[in-house]
Amino acid sequence: MSSWFMKFMDWYRRFMYGRYGADKLTAAILIVYFIFYLSAQIARSYVLLAISLVIFVWCWYRVFSRNVEKRRKENEIFLKGWNKVKTWAQTMKGRIRDRKTHRYFRCPNCSSTLRVPKGKGKICITCPVCRKEFIKKT
């Protein structure tokens, strides 16, 4: 590699030492920034442009921050929420995929979600968690 590139990388490595850097929250903030920026360009709105600029500055503030522990906690809180959203989306994707072959019911006793095959008429469903039996039409 060229000498100037190696010097630049060495300078960058020294500059970023002790700083937080990028994480999943940073990526999410950048996506929100682009959404606001494109909306501002389409709507020709200075308000949306100002909001996008604030979001962009906040993103780079997090990247160059030296308060690593606080940034880590922020990312952890974001990931907890994101994982809930991701799990819900995967569940809905599976339900949509199975909509022609299965039905989903909630156990009246423990509220567990049960998947049973469609087209069997009235059947007795036994909850595997609490062993409660109930009758439903599939």
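The model is predicted.

Now the overall layout. The protein has 4 helices and 4 strands. Read from the N terminus, their order is α-α-α-α-β-β-β-β. The C-alpha atoms fill a box of roughly 75 × 40 × 35 Å along the principal axes. The radius of gyration is 25 Å, whereas a compact globule of 138 residues would have one near 14 Å. Of the 138 residues, 21% count as buried. Take the contacts between residues at least 6 apart in sequence: 38% of them join residues at least 24 apart.

Return to α3. This helix covers residues 46-64. Its 19 residues, at 1.5 Å a residue, should span 27 Å, and the end C-alpha atoms are 27 Å apart, so expectation and model agree. Which residues of α3 are buried? They are Ser-52, Ile-55, Cys-59, Arg-62 and Val-63. The face of α3 turned away from the buried side carries exposed residues: Tyr-46, Val-47, Leu-53, Val-54, Val-57 and Tyr-61.

Helix α4 holds Asn-75. Is Asn-75 buried or exposed? Its relative accessibility is 11%, under the 20% cut-off, so Asn-75 counts as buried. Beyond its neighbours within four places in sequence, Asn-75 is in contact with Tyr-20, Asp-23, Lys-24, Leu-25 and Arg-62. Arg-62 is one of the buried residues of α3.

In soluble globular proteins, nonpolar side chains tend to be buried together. Here the largest nonpolar core has 7 residues: Phe-105, Cys-107, Leu-114, Val-116, Ile-125, Cys-127 and Phe-134. Apart from this core lies another, of 5 residues, including Leu-25, Ile-29, Tyr-33 and Cys-59. Cys-59 also belongs to the buried residues of α3, and Leu-25 is in contact with Asn-75.

Within the largest core, look at Ile-125. What does Ile-125 touch, not counting residues up to four places away in sequence? The list is Phe-105, Leu-114, Val-116, Lys-132, Glu-133, Phe-134 and Lys-136. Among them, Phe-105, Leu-114, Val-116 and Phe-134 are members of the core.

Technical notes
Residues are numbered from 1 along each chain as its sequence is written. This is a predicted model: local features need pLDDT of at least 70, side-chain atom pairs count only at pLDDT 80 or more; totals for chains, interfaces and linings use all residues. Side-chain values use heavy atoms; hydrogens and water are left out. A nonpolar core is a set of buried Ala, Val, Leu, Ile, Met, Phe, Trp, Tyr and Cys residues joined through side-chain atoms within 4.5 Å. Buried means under 20% relative accessible area, exposed over 50%, partly exposed in between (1.4 Å probe, protein chains only). Contact means heavy atoms within 4.5 Å. Helices (H or I, at least four residues) and strands (E, at least two) are DSSP runs, numbered from the N terminus. The expected span of a helix is 1.5 Å times one less than its number of residues. The radius of gyration is taken over C-alpha atoms; the globule rule is 2.2 Å times the number of residues to the power 0.38.
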